[in-house]
Amino acid sequence: MPIIRAGERRTGRASGGPGCGTRAATSAAIAVIALIGMPACTFGMPRGATVQGRHISSLYQLLFWFAIPIGGLVYGLMLWSILRYRRRKNDDGSLPKQTRYHLPLEITYTAIPVVIVLVLFGFTISTMAKVDKVSPNAAATVDVTGFRWQWRFDYPGYAFSIVGVGGTPSSGPTLVLPTGGTVHITLRAADVIHSFFVPDFNFKRDAIPGVTNQFDLTIPDAGVFRGECAELCGIDHSDMTFFIRAVAPAQFRAWLQDHRGQGVIQESP
Amino acid sequence: MSETTLPAAVHEHRTRAARLLDVITTTNHKTIGLLYIWASLVFFLAGGLMAELMRTELATPALNLVSRQTYNELFTIHGTTMIFLFIAPIGLGFGNYLVPLQIGAPDMAFPRLNALSVWLFILGGVTILSSFGASHGAAAVGWTAYAPLSGATGSPGPGMDMWIMGVLLTSIASIMTAVNLMATVFMLRAPGMTMWRMSLFTWNILITSILILVAFPPLAAAVSMLFIDRHFQGHFFDPSHGGSVILYQHLFWFFGHPEVYVMVLPWFGVVTDIIPVFSRKPIFGYAGFVLASLAIAGLSMSVWAHHMFTTGLVDNAFFSIMSFLIAVPTGIKFFNWIGTMWRGKLTFETPMLFCLGFMANFLIGGITGVMLASAPADYDFQDTYFVVAHMHYVLGGGSLFAIFAAFFFWFPKMTGFRLNERLGKAFFWITEIGFNLTFWPLFISGLRGMQRRVAEYPPGIYTTPNQLSTLGAYVMAVGVIVFLVCVVQAFRKKIPAGDDPWGGYTLEWVTTSPPPEHNFEWLPPIRSERPAFDWRHRETGPGTPAEVGVGPPVVST
């Protein structure tokens with residue numbers, strides 16, 4: 001329904017027709033409907049371009065499905081109280097029944113939430129085991145280092161590294177990874193804390209000075225995904241954009257061979 | 001003492017300077033409480049102005065209003081101001097004013113310590129805000145001031161040191177006030193005022209004070225270590241010299257999460273004192289409410305590392321389950337409030353509207369809080385606008401709304417004047433709409449991957465949510481103007497409010513508005529948690545007022 005209305009309005013704008021204010025109002029309304037309606041499928045979180053990210057997206061959707069009836073119940077009870085128990089115009093001034101306690105009810109509304117959070121915790125640890133699992137035989141390993149204000153990607157055994165230079169909020173160096181197999185990332189920081197965040201993967205991990213963090217990514221399909229630094233690291237924090245380009249394993253091997261032994265390759269946008 | 005014996009005419013004609021001197025040298029808990037409240041509100045306006053500047057910058061993807069450096073300073077000092085200089089201290093302000101009144105005491109236990117604490121707090125606030133004028137600008141590290149970014153290399157210049165000193169001063173002030181409030185509650189309750197007859201605001205202030213004593217010393221330690229790192233080669237947080245970066249986060253969040261409840265528990269108490277009055281019923285499940293507050297306080301000390309799920313250095317499972325569990329006592333409170341309204345006779349004066357707004361907004365903050373407690377889901381949410389939206393629903397939609405509920409509810413008691421109901425309701429509706437318009441779209445930009453603490457973002461999917469949010473921020477600014485008009489008008493028109501405009505339940509409503517120097521000329525018998533209500537309905541039970549304090553008892557029979 002909103003899509004049809006959007007089409008009509010666009011035609012109106014093209015012909016320079018009257019009703020500019022209405023058009024603005026309608027497009028604002030469409031924006032609002034889209035904002036509420038579009039995320040309805042996954043409740044706003046990307047489906048996940050990695051196997052791990054898909055687990056996280058499923059967990060989030062599950063949490064949201066639990067939230068809907070709970071939120072609905074509480075809002076419903078509030079709204080009912082407001083509408084049903086407001087003081088009427090013909091009120092006789094008498095006091096309502098001065099109820100203070102109802103122990104069975106109080107035990108119920110304490111016990112049921114305990115059960116709910118234990119169930120949610122069960123889903124949480126099972127997802128966490130899948131997401132945090134580090135495979136002993138990865139298809140590829142990359143050392144990622146965050147520095148102020150870009151990233152360095154080292155491919156151990158191939159004697160070259162890609163170093164970002166002068167990124168912007170929408171441009172930066174590219175980390176090439178293979179699809180299909182498990183990619184093992186070791187994460188470090190050179191100066192202050194950074195955080196390796198790829199929104200399409202629904203995943204981030206902090207890069208902390210003095211600490212080596214490890215995690216695995218499994219990217220099923222080829223594609224290009226934007227990444228950013230999620231931990232404030234100073235004035236050009238927003239320039240730490242990078243891209244992940246996932247290519248077929250054969251293509252990835254060819255790309256590695258092409259770059260073998262090239263040392264530091266600076267990539268500027 | 002001598003002041004109370006002065007005739008009213010003499011009092012009126014005292015010079016402005018003499019009255020100012022009275023305020024500066026006062027040890028009276030009511031004047032100190034008002035100093036806390038008014039100073040916090042000034043800091044709130046400053047923090048709000050910074051928020052408006054940030055929202056204006058974020059209306060477009062590119063940088064076009066302030067520099068990156070200024071933007072970083074703005075969000076750092078905005079967060080610091082709202083947390084250290086507004087929400088937490090205004091709670092202590094209401095606590096200072098109301099706790100002695102609600103327990104039937106003439107003043108706080110340590111009046112001079114009380115005076116010292118408020119001036120340390122104001123000094124701390126001035127130190128933090130004036131750091132904008134420092135040579136390298138104010139601190140630009142976020143309100144958490146993570147090391148090593150906040151170290152000498154990452155943050156050169158005195159702005160960062162002023163932040164540290166300001167936070168230390170407000171921490172010391174908070175600790176002093178917490179000790180004072182606890183001593184007052186334990187030692188100065190009137191005859192008949194047992195612990196289990198205290199108002200729920202007083203209960204929650206007591207529990208908040210305990211949390212302050214637990215939480216603020218680690219904060220003071222963390223920022224002191226930071227200061228030593230910056231100037232005296234402490235290397236506490238420097239891994240190249242045997243230090244640990246993550247240690248700062250542990251210390252900071254061991255403060256930071258109890259601090260969330262320092263900023264929320266007093267307002268749970270406020271809402272729990274107000275809803276029964278406008279429902280014409282006692283609170284439903286008083287004992288359960290107190291136990292839930294204690295459970296929240298206990299659990300809040302074992303959830304700090306849920307702010308560190310993405311560091312890979314903590315036991316995510318343990319901190320997940322503890323964070324999940326804290327939803328249970330919080331949920332109990334919702335049922336206390338709904339149970340109180342159930343089969344009551346509800347009216348919707350401004351304080352009640354703000355309480356209902358508090359419940360509606362806080363619920364979203366609570367539900368998203370449960371989502372954030374799930375560590376793998378937090379791998380996505382952490383440091384994005386989802387977290388920003390969540391915590392603004394807790395502290396803005398929650399605490400801020402309850403602060404205004406408290407302000408509208410007790411303003412008549414504190415000043416003796418009435419606030420315009422129509423303006424108050426307009427303020428509520430503008431703020432409720434503006435608030436949701438500001439923060440709901442931020443959930444969406446956060447889920448789409450927009451990280452926090454950036455002045456620029458790539459054009460495209462983030463633009464529309466950000467523009468809606470900016471529009472909402474302007475709507476809220478209109479609301480604040482309506483609020484200021486409402487307050488100024490009340491002081492100009494001086495319409496007497498009467499001693500008990502709402503039909504209040506707690507002890508402060510039996511004394512005059514504003515209360516006399518030592519609060520009570522007489523006290524009703526205290527036989528339940530609603531002594532003022534019992535006194536109004538004394539035909540159903542025994543009751544002659546108890547005479548207390550100095551001067552002749554003013555008893556009307």
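This is a predicted model: local features need pLDDT of at least 70, side-chain atom pairs count only at pLDDT 80 or more; totals for chains, interfaces and linings use all residues.
The contact between the two chains draws on 73 residues from chain B and 67 residues from chain A. On the side of chain B that touches chain A, the element that gives the most is helix 13 of chain B, spanning residues 327-341, which supplies eight residues. Divided by class, this side of chain B comprises 42 nonpolar, 21 polar and ten charged residues.

In chain A, strand 1 (residues 140-147) and strand 2 (residues 150-155) run antiparallel and are joined by five bridges, with a hairpin of two residues leading from strand 1 of chain A to strand 2 of chain A. Within this pairing, Thr145(A) stands opposite Arg152(A) of strand 2. Strand 2 of chain A also pairs with strand 3 of chain A (residues 160-164), again in the antiparallel sense, over four bridges, and here Asp154(A) has Ser161(A) of strand 3 as its bridge partner. The hairpin formed by strand 2 and strand 3 of chain A has four residues between the strands, and Gly157(A), which lies in the turn, has a positive phi of about 90°.

Helix 8 of chain B (residues 200-232) contains 33 residues and reaches 46 Å from its first C-alpha to its last, a span close to the 48 Å expected at 1.5 Å a residue.

Conventions
Residues are numbered from 1 along each chain as its sequence is written. Chains are lettered from A and ligands numbered from 1 in the order in which they are written. Two residues are in contact if their C-beta atoms, placed from the backbone, lie within 7 Å. Ala, Val, Leu, Ile, Met, Phe, Trp, Tyr, Cys and Pro count as nonpolar, Asp, Glu, Lys and Arg as charged, and the others, Gly among them, as polar. Two strands pair if DSSP finds at least two bridges between them. The expected span of a helix is 1.5 Å times one less than its number of residues.
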